[in-house]
Structures are given as C-alpha cells and as structure tokens.
Amino acid sequence: MRVEFILNGRRVAVDVEPSETLLNTLRFKLRVKSVKRGCERGECGSCTILLDGQPVTSCMLLTLQVEGREVTTVEGLEKDDLFRRLVEYFIEEGAIQCGFCTPGILLTAWAGLKQGRFKSVDDVREYVANLCRCTGYVKIINAIYKAATGVAGR
Amino acid sequence: MSQLGFRFLARRTPRKDAEPKVRGLVKYTNDLEYPGMLIGRIVRSPYAFADVKKIDVSEAVRMGAVVITPDDIPQKPFNPRLVSVDEVTFKDTYVLTYKPRYLGEPVAAVAASSEELAQRAAEAIRLEFERVYKPILDPFEAMSPSAPRIHERIMKGDKWIDVENNIAARLDYEEGDVERGFSEADYVLERGFKTGKRYHMQLEPKAVLCVPEPGGKLTIYTTTQSIHNTRILISQLFNIPESRVNVVKVPIGGSFGSSIQTNYLVPIAVALCLKAGKPVKIAYTREEDMLDHSNFVFHFKIKMGARRDGSFTAAEFTNILDVGAHQVQPYPLLGTSLGWFVSMYKWRNLRYRGIAVYTNKVPGCALRGYGAPEVQWAVETMVDEIAEALGIDPIEIRLKNYVGRGDIFWGQGPTVRSVIKSDGVPELLLKGKELINWDKRGRPGEKKGRYRRGIGVARGFHTSGAGGPISGEVIDYTGCILKLNEDGSLDYLTALQDHGGGTLDAHVKIIAEELGVPPDLINLASASTENTPYDVCTHASRGTFVGGECARRAAQILKQKIFETAVRILGRVVNPEALRIGYDEKLGETVVYVEGSDLKITLREITRTAWQRNWGTLVAAVTYRATSAPPSFTVYYVEVEVDTWTGKIRPVRVVAGADVGIPVNPDMVEGQLHGGFAMAWGMAFSEDTKYDPSTGEIMGRMLITDYKIPTAQDVLPPEEFKVLIANTYEPSGPFGAKGLGEAAMNPAVGAILNAVYNAIGVRFYELPVTPDKVVKALRERGETPW
C-alpha cells in the first residue's frame, strides 16, 4: 500500500505492508537510522519521532496511520535554533554516554521546550519519559533545563 | 587537581563522539546493512528443560528460508567468555541444542530475505519433544541428591568431567584460624542475603552482521566488549584460522557486562552465513535480549566476629551462586566475590566456601561490579549492624578496619594481588559526612509520621583491571598502535571497546597530554581484530587504567622518535634528552623545543620533513600488561524518604565520593556516579526477573514496564546530587588515573538500605526491596497507618 507523508519537511511516498510499523519504514525503507529500535513495544523511547510536533514512539504506529502527516526526526531539526541550543547544552553538560537513547531524548526535550513546558527541573523529570541506562538522567535533565532557562539546575 | 599543570587532563572537555551521537550519525550494529543481506531469526525452546525429539524444517525450507539445526553445528561444547585461562574454563554450551536447559534456549535458526519472512519461517518450524522435565529453579533444590541433572558431562579446559549435584564449579579458601578468631570475638553476627536476578537492560539489544568475504574469510560486526575474544571463539568453534575471521569494532549502546562473552546470536549468525553463503544479520527483540543474558543470583551466608573496640576477629562467608543453565565463566566470580569480601576489611581469620549451581534459568553473566555490589551491600549492612550493637560510630568502625594504603588488594580473586598505593577513603568519608549532615541524622526510633527520612553510609571500591605481577587464572593485557601522520596529526588504533562511558576519549586525552597534541588531531581509527594487537576485553573497569596506560606508553615511545627526528633536523641540539614537547598557545601548534632557548620546531614541520626526506613513518606499537590492579575507592552518603503508608521510597540527597586518582574528565566521572547510583537504586528497589515456578518462564512477558529500571522521575533532581573527587594520585596509572565504571555503583545499594534502616528501623536482606515488603515489615512491627 502506498503512503505519503512529510518527513523532515519533504514529501515522501513509500510502499508499505498493512502491518508495517513506522519505525521499520523509517529505518529500512527510508534509511533514517537515528530512529533506534530498542523494544518495539512503546516502552523505551529510543524510536521517538515527532508526529505533527508531538513526541511519539514510532514502533507503536503503523505507517498507514501517518498518511498526510508531518514526521520529524533529529535530521530534520539540524537547522533549528532551539534544537542547536539543546544540542550544545547536551555536549557542554556531558549528557551523552552510549548515545543510543540520545536522538529520542532530544526530540522529546525539543517538543517540551517548544511547548514551554519546562518551568522547573521537576517539569523536565516528569515530561521526559524516555529510558536511559547510562547517565542516571542527571546531566540530561540539567542540559534540558539549561536550554529552557539558560540556567543549569545544579 | 589542575595544580599538577595538566593541559588536557582533569578538565571538563566535550567528548569527540558527542556531536555525532546527538545528531544520530553513529551507526550501531543494527544500523548496518549489506547488499544481498539475509535476516536471521532464532527458534527457541518453549520449555525450560526438555529433550527435543525432532525438528521439522520442511515448511520453512519450502518458504525459501535457509535453516540450521544442531546437526549443522560442530557439536563441541564451549564457554562464550574467554577471560579466564583455559584450564579453569568450564564448557557446557552448544550453539544449537536438542536438550534445551532454559526457556528460550536456541534450538534452530533461519535466514530469509526479510525480517517478516524470516519470522514466518521460524514460526513454521515444528519442534517435537521427547520429554519435558519440571524446571529446577532453586539452587538448593538443584544440589539435593534426588534432583535431576541439568548437565551430565561438561568440559573443563580440554578434559571431560562429570557434573555432580548440579554443581558447576567450586572455590574454597581459608586464612588463619577461624574458630579461634570467633572465640576471641565479643560480638558475633550472622546473616543471610539474597539478590534478585537482574537484567542489564542496555538500551541497544544485541545484534550481529556476518559477511562472507572472498577466500573463505568472514567479517563480523557485533555488539561485543571484546572483538578479539569473539574472533578467537568463532575461530575455535568453526575451525577457521583467526586470520580468516575479522571482527570489527562497532559502537555499542551500553553493555554493563552483557557482552564480555560473545552473545549467543553471534555463532548462530556465523553458522547461517556459512550455510547461506550470504551476509546474515540477526538483531534481537527486547524479549530475546532478556533471554540472552541476566545477572547471577547470589545467596550469601555471612558470619562476622568483632571485639568490643570494633576490630574484627574473624569472618565466614558462604556464597551459593545460581548460575542459570550454562556457565558464562562463573568460576572467576566465585573468586572475585571472595576478593571483594577480603578487600573490604581486615577480617584477620577467614573461611570461604563458594559454590556455583546450575538451574533452568537464563545463563547468568557479569553485570557491572561482578559481584561487588552484592558483596558490598551485604558487608556494609552487617558492619552497620555491628557498629550499632557495639555503640561505635559507623564511620569510625569503617576507618578502623578498612583495607587501604599499604595493604594487599585482591579484588579480582586469589591469583590477582597487588599492594594499594593510593587511597582516598578517609578524605571521602570525612568530607561526605559534613556535606550530608551526618551528625543530625537521628535514630530510627525517634522518627514518626507517614514520611520518614534517614541517612546511610557505605563504602567500597572496584578494581582497575585484572592485571598483577604474577600471571594467574585471569588473562589481562592490551595493545595499541599510535601512528604519526605526515601533517603531525595522529591515528590511534586499539581493540579496546568503549561501552559509552567515554573510555576511548580518555585515551585520546592521555595521548594529547603526553605529546601536547590537541585531541582534535588524534583520530580514533576504525579498528578490527586484523589491525590491532590483542586486548582481552573492556571489563573490570580497566579501560582507562590499562588501556590508557598502554596509550600513554605508545605516545611516550613516539615522543622519543619525534625527538630523535628533531635532533636530526635541528643539528645544533646535542641529543634527544635536551628536547621538550608541548602545545604552543601563540603558534596554535605542537612544538619541540629546548628549554630556556628560542630553538624550536613545530611537530608539523618534523613530520613533513621525515616524509619529504624519506626518513619513514614515526609509529609505536605496544602490548601492555599492567602489573597491578589498584582499587578505586568510592563512598556513598544517601538520604532517603520512606512513605510508610505505601512503602514507596524516594532519594532525597546523595553525596557520591570517588577516588579515581587523577580524573581524566570530571564530567565523565560525574556521569559514571550518576549512572551508577541509578542502577543501584533499581537493584535495591525494583529490578528482578522473576520466574514462573511451574514453567520456568520469566514473568511479565519480558516487558520493560514490568522489569522497571529507574526513570527520570525516580532519580534525584540534579541539585541534590553532590559529587566529591578525592585528591589522590595512582602511581601505576596513566598520569595517576584509575578506573571508575563499576566502583561508581558498588557500595551504593548498601548506603541506600542503611538509609532506609535509619528512617524506619527495618533491615532488609532480600533484594529487591519492593513497596509491599516495606509495608509488610512495618505491619509486622505493629505499625498500621490507617
């Protein structure tokens, strides 16, 4: 079946199986490898994408469901000022270890920032539900809060 | 720290791979694709203990899949982990088996052109069972003479041995006179402890891509902590010379010990690739990953004797290790468990009994700390209890008895011993005490109300590597190549893997420091087994200490060669000893110079000249064995709050102290402590793979939601997490550095549960301490909140 949607600002058309998840379409048909496969059950957040600006796990969507909608991955935000600031704080804080969860967390954080959700450190802790096993989240929370306020949480 | 005049070390610097990682450009194994590649899937046993009668592959073959069964695999037993020497390596595993011994054990495998087709073919394979046995899940039941034998015969080194009472391996040890020691004690305490069976839950599920090359060669890309050991294992299993197996180092998405061994999917992919003659990729689902590896379950019985003054007189330690269905070298864990115990405090007289026992569970393997988080939790709980019974301050009793500078450390077991040269324990204990307000913590009985807070302390350590002056039962050496390019930049080649903690970034900074070359100009070259010297594995917190020192030595050799070349160019300089190397801020270049004169030449000019005049490449190849394995000490002070109605516990404040010698990058030191604490929190309160007693299946369908690792909501807000770095210098480490990855976690569970005791007056001896256990314990004490 043919599906058309907007991927990182560009219209794409792709043939998919009815049971195909957006995660697999992105990774194997459109070669977007920043979207990671961590659990395929909507639990870990490694495959997070933005669907019309909202962070969702792409393993829990059928590609058919995104017909006509806007899908954004980190590749699509490279020129976005807010995203660049977020990336700078991640690097400066040392919020990156193995990096497997990182693109997904950045997308969740970017959406939260864009929507003005982060008034406090606790707002960040509650909103960012992506799993990370390396960092204990401390530097990630700090980097996001810094991007929200220009002030570090520590 | 920076008083030592470091230019790159002991400073916060962004890691080289930060930018590619945030932009999603780093390719992990499952991101790799190869033209004509097939996708493999594994057919697993639905029973925990059974005999397969027949494997009907006809339908799968009809569907066009390549199929392998045990008949396609050389039937020689192996151990997937090659860290111990062969004589003490017990081999009981087959790539595919007719006798599955845990639910999920690979029986057959398929490969097809798409993942969906492969999955359908795997589901079309019919397994017929001769007999299904009741699974044995309890190690004590497994040891009873009436229990069926999970394994009958296994290999130890190159000899077949019989397995008696399901005992996989044993290690006993005795020092001094234990009976006399206990008779001299004024106070004797005996306790039993049990841990959960934790799953690593590294974010990246294991994956492998095996590519056949012309000339019968194989190229393997996989999630491994040791590319060389993976090559050796594949070479041995399939009888292919090592020179025809090339294992490429690929970035990995966390590991925590789960790929010290070669994961089971690697030989399966190799067998499929050999049969199909095409590239084969296998990527585990999360369920399969949980069926591939988890930790051992520890059952401890510990007895300690102390005098009234708080000094210890004797200790007795029994360690029953539930290893699951196959051995992933649990024998060395019997040694390290003892090593961690011995290296905690001066017991004076000691008896140890370690027994590793088979059960029908997922094979246990190392998980960050290799027994140290478990041992240090138990020891630090009991030391707290003894201090309280004797009326001694918990910090004082620790300072009085701990194994520190000048003492012998043998964390990695009886055959890996060295003398402790750097020790930040007093500094960390005393500074941390002030920061947490130790003296105001109060007593458990005084605390009332629904929410009760408590403060606890624990100390511990981890080894830095498994080296030592004498070759023992553990293999530990590394190697690297450092090459100066024609423009003065460098290529650095090492087989040593970075799990994500930034180990290789530490190597780059160490080379930068030795040569005065900025990290930007040092390339972490793509490495594989065919272009690197052997490295045993990134484990035992050895990456910075062993690998970093190897890198420093290579840089030192290169420095000498640079000086010799400079003398040749400069002419007037008497010999290489007269020269210095460093980064010239004004020039923005690395220069070789004579102190107190204006004679200097840039590194760029030296390398260019050597190239243009045909003098050859300046290169260093080093293989390095560390002759010591110093402990990195850590101290945790933790404040928790217990909700006595729901049994939920939350962290309030943490002071994490680390003695890492010179911190190569303070940002990464903090990162390890933050991550280590989070992992300890999960170990203390939630993490366990529980098995259905009748089927031997992991309960909760292997969902992460049920396994429960900490989320951002469960850990501390950043401002409540204080990190202390001790002011120490390790003479045997690169520029004074030691390891940290595992020490960062090891004592934290002890501190957390000592804090829980301080809050509510209850001690827990079985992990994880779930909310229902807390509520039950409070009720048993007569506390009913409503």
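This is a predicted model: local features need pLDDT of at least 70, side-chain atom pairs count only at pLDDT 80 or more; totals for chains, interfaces and linings use all residues.
Let me begin at one helix contact in chain B, where B:I562, B:T565, B:A566 and B:I569 of helix 14 meet B:L603, B:I606, B:T609 and B:A610 of helix 15; contact here requires that the C-beta atoms of two residues, placed from the backbone, lie within 7 Å. The residues of this contact divide into six nonpolar, two polar and no charged, where Ala, Val, Leu, Ile, Met, Phe, Trp, Tyr, Cys and Pro count as nonpolar, Asp, Glu, Lys and Arg as charged, and the others, Gly among them, as polar.

Residues are numbered from 1 along each chain as its sequence is written, and chains are lettered from A and ligands numbered from 1 in the order in which they are written.

Helix 14, residues 543-570, and helix 15, residues 603-612, both of chain B, pack at an angle of about 80 degrees with their axes 10 Å apart, the axes being lines fitted to C-alpha atoms, for helices over the stretch in contact, and the angles running from 0 to 180 degrees between N-to-C directions. That makes helix 14 of chain B roughly perpendicular to helix 15 of chain B, on a scale where angles under 35 degrees count as roughly parallel, over 145 as roughly antiparallel, 65 to 115 as roughly perpendicular and the rest as oblique. Helices (H or I, at least four residues) and strands (E, at least two) are DSSP runs numbered from the N terminus.

Strand 24 (residues 579-584) and strand 25 (residues 589-594) of chain B pair in the antiparallel sense over six bridges, pairing being called if DSSP finds at least two bridges between two strands. B:L579 has B:V594 in strand 25 of chain B as its bridge partner, and in the turn of this hairpin, which has four residues between the strands, B:G588 has a positive phi of about 65 degrees. Strand 25 of chain B also pairs in the antiparallel sense with strand 26 (residues 600-602) of chain B, over three bridges, and there B:Y593 has B:K600 as its bridge partner.

Which domains does chain B divide into? They are domain 1 (29-136 + 201-292), domain 2 (423-464 + 629-780) and domain 3 (477-624), with bounds that come from an automatic or database domain assignment. The C-alpha centres of domain 2 and domain 3 of chain B lie 39 Å apart, and their contact takes 18 residues from domain 2 of chain B and 15 residues from domain 3 of chain B. On the domain 2 side, these residues divide into seven nonpolar, nine polar and two charged.

Turning to the sheets, four strands of chain B form an open sheet in the order 20-28-29-30, with mixed pairing. Strand 20 (451-462) and strand 30 (721-725) of chain B stand at the edges, each with a single partner strand, so one side of each is left without a neighbour in the sheet. Strand 20 of chain B pairs with strand 28 (residues 632-643) of chain B in the antiparallel sense over 12 bridges, and B:R452 stands opposite B:V642 there. Another open sheet, of five strands, has the order 9-17-16-15-10 in chain B, again with mixed pairing, and its edge strands are strand 9 (167-175) and strand 10 (187-194) of chain B.

How many residues of chain B are in contact with chain A? There are 46, and they touch 45 residues of chain A. Helix 16 of chain B gives the most to the chain B side, with seven residues, and that side divides into 20 nonpolar, 16 polar and 10 charged residues.

Two backbone details remain. A cis peptide bond, with omega of about -5 degrees, joins B:L767 and B:P768, and B:P768 is found in the loop between helix 18 (748-760) and helix 19 (771-780) of chain B. B:Q329, a residue other than glycine, has a positive phi near 45 degrees, and its place is in the loop between strand 16 (312-324) and helix 9 (331-342) of chain B.
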